[in-house]
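Dear colleague,

Please find below the structure that I promised to hand over. My notes on what was found in it follow directly after.

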Amino acid sequence: MIIEDQRKITCGGDPFNYLLSTLKGIALDINRGDTVNLLLMADKFPYDVEKFKQILNFVKLDFVDLKKNKGELSIVFKKR
């Protein structure tokens, strides 16, 4: 599993666009079937599981799991 730690980012712009851009970049860098665990801070990305699923689907990634723990998000997904 690939770990992508984005917890320490300082996003001055729109968090949605940052997340979309990050996921597009990851999608380009990984191979089909690769699993990624993206770590984020929940306060910067206050979306529900359905919103994350929609964003992942848009960039052709498959949602696997979402966990929230002590203000942190762990989003696991795969490349189709």
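Helix α2 is followed by lysine 60, whose phi is positive, near 65° (helices here are DSSP runs of H or I with at least four residues, strands are runs of E with at least two, and both are numbered from the N terminus). Please bear in mind that this is a predicted model, in which local features need pLDDT of at least 70 and side-chain atom pairs count only at pLDDT 80 or more, while totals for chains, interfaces and linings use all residues. Residues are numbered from 1 along each chain as its sequence is written, and side-chain values use heavy atoms, with hydrogens and water left out.

Within α2, which spans residues 49-58, the buried residues are Phe52, Ile55 and Leu56 (buried means under 20% relative accessible area, exposed over 50%, and partly exposed in between, with a 1.4 Å probe and protein chains only). These residues lie on the same side of α2, because they cover an arc of only 100° around the axis, the arc being that of the directions from the helix axis to the C-beta atoms. What covers them includes α1 (15-29), β2 (35-41), β3 (61-69) and β4 (72-79), where contact means heavy atoms within 4.5 Å.

As for charged pairs, a search of the whole structure finds five salt bridges, a salt bridge being a side-chain nitrogen of Lys or Arg within 4 Å of a carboxyl oxygen of Asp or Glu. One of them belongs to α2 itself, where the side chains of lysine 53 and glutamate 50 meet at 3.7 Å, N to O; the two are separated by about one helical turn, because they are three residues apart in the helix. Lysine 53 is partly exposed, with a relative accessible area of 34%, and glutamate 50 is likewise partly exposed, at 44%.

Another salt bridge joins the side chains of arginine 80 and aspartate 62, at 2.7 Å from N to O, and this pair links distant parts of the chain, with arginine 80 in the segment after β4 and aspartate 62 in strand β3, 18 residues apart. Arginine 80 counts as partly exposed at 38% relative accessibility, as does aspartate 62 at 32%.

Lysine 67 forms a salt bridge with aspartate 65, their closest N and O atoms being 3.6 Å apart; here lysine 67 is exposed, with a relative accessible area of 52%, whereas aspartate 65 is partly exposed at 26%. Finally, Asp5, Arg7 and Glu72 are linked in a network of salt bridges.
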